[in-house]
Amino acid sequence: MNSLLWFKKKLQTSRLMTEREQKRQKILAAALELAAKRAWDSVSLLDISREAGLPHQDITAVFPQKYDITEAVLRDIDDHMSIEDLGLDEARDSLKDRLFEVVMFRFDLLNENREAMVSMLKPAMQSLEQAARHKQGFCHSMRLIMEKAEMDCNHVLKEDILIAALALVYMMTVKIWLKDDSPDMTKTMAALDRYLARMLKILPLSDRAEAA
């Protein structure tokens, strides 16, 4: 489902939501609308309040800073990724295949609202200061990918090393995705497959299905 439509669907079924949650979803939908039209760096909280039809103080009460909005959008995408049944089978699918399917599904979610997500992600890709702000949320996303792919962390490697390795693979793939204008993300898939193969060749990970 289109990420923007996903937020709008939440708004349509908002009777059970708290007033704060309704405002949150309205703000996120407005932010995505604006990010799809212009550079995220040029969008202000005041712009978002006007787009959402909410007072500026309502925006800052939910999201004190603009990067909090980016974090919230990515958290919702993580939630969507976590609950989706990808049909993975640890006994049948290799670790590489499982990681590939999970990461590509996350890219599918990003790609459904591509213009907005490219706009939102570019600042973090171009600035170490911006990237540092998103470090905690990004590491959380990597953990979710590992869990979804049923990546066994019960080995000599510490979890933080695995997260760092997967994060490197993911960020290198993001750089390809940002420039990938193919309709089926062919370049992104090829890059991810290549980077995962290198990661699993270097790291001493075991997997029952990997022997195939």
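Is Leu-144 buried or exposed at 14% relative accessibility? At that value Leu-144 counts as buried, where buried stands for a relative accessible area under 20%, exposed for over 50% and partly exposed for what lies in between, with a 1.4 Å probe and protein chains only. The legends below take up this residue and several others.

The structure is a predicted model, in which local features need pLDDT of at least 70 and side-chain atom pairs count only at pLDDT 80 or more, whereas totals for chains, interfaces and linings use all residues. Residues are numbered from 1 along each chain as its sequence is written, and side-chain values use heavy atoms, with hydrogens and water left out.

**View 1. The protein as a whole, with 11 helices and 0 strands.** Helices (H or I, at least four residues) and strands (E, at least two) are DSSP runs, numbered from the N terminus, and along the sequence the protein reads α-α-α-α-α-α-α-α-α-α-α. Of the 212 residues in the protein, 47% are buried. Among contacts (heavy atoms within 4.5 Å) with a separation of 6 or more, 70% are accounted for by residues 24 or more positions apart. The protein exposes about 11,400 Å², of which carbon and sulfur atoms supply 52%; accessible areas come from the Shrake-Rupley method with a 1.4 Å probe, and for residues only the protein chains shown count as cover.

**View 2. The crossing of helix α6 (residues 95-111) and helix α9 (residues 135-148).** The two axes come within 9 Å and cross at roughly 135°, the axes being lines fitted to C-alpha atoms, for helices over the stretch in contact, with angles that run from 0 to 180 degrees between N-to-C directions. α6 and α9 are therefore oblique to each other, given that angles under 35 degrees count as roughly parallel, over 145 as roughly antiparallel, 65 to 115 as roughly perpendicular and the rest as oblique. The crossing of α6 past α9 is right-handed, a term for the near helix being turned clockwise from the far one by less than a right angle, as against left-handed if anticlockwise. On the α6 side, Leu-99, Val-102, Val-103 and Arg-106 meet Ser-141, Ile-145 and Lys-148 of α9. Sorted by class, this contact of α6 with α9 has 4 nonpolar, 1 polar and 2 charged residues, where Ala, Val, Leu, Ile, Met, Phe, Trp, Tyr, Cys and Pro count as nonpolar, Asp, Glu, Lys and Arg as charged, and the others, Gly among them, as polar.

View 3. Leaving aside residues up to four places away in sequence, Leu-144 touches Asp-78, Met-81 and Ser-82. Leu-144 and Met-81 are 63 residues apart along the chain, and their C-alpha atoms are separated by 8.6 Å.

View 4. Helix α10 (residues 159-179) against helix α11 (residues 186-202). The axes of α10 and α11 come within 9 Å and cross at roughly 160°, which makes α10 roughly antiparallel to α11. The crossing of α10 and α11 is right-handed. By class, the contact of α10 with α11 has 11 nonpolar, 2 polar and 1 charged residues. The residues of α10 that meet α11 include Val-169, Met-172 and Trp-177, and those of α11 include Leu-192, Tyr-195 and Met-199. Thr-70 in helix α5 (residues 66-83). Thr-70 counts as buried at 3% relative accessibility. Apart from residues up to four places away in sequence, Thr-70 touches Trp-40, Met-120 and His-134.

**View 5. Leu-46 in helix α3 (residues 45-52).** With a relative accessible area of 37%, Leu-46 is partly exposed. Leu-46 and His-56 are 10 residues apart along the chain, and their C-alpha atoms are separated by 6.0 Å.

**View 6. Two loop residues, Glu-150 and Met-185.** Most residues other than glycine have a negative phi. Glu-150, in the loop between α9 and α10, has a positive phi of about 55° although it is not a glycine, and Met-185, in the loop between α10 and α11, likewise has a positive phi of about 55° without being a glycine. Glu-150 is partly exposed, with a relative accessible area of 37%, whereas Met-185 counts as buried at 4% relative accessibility.
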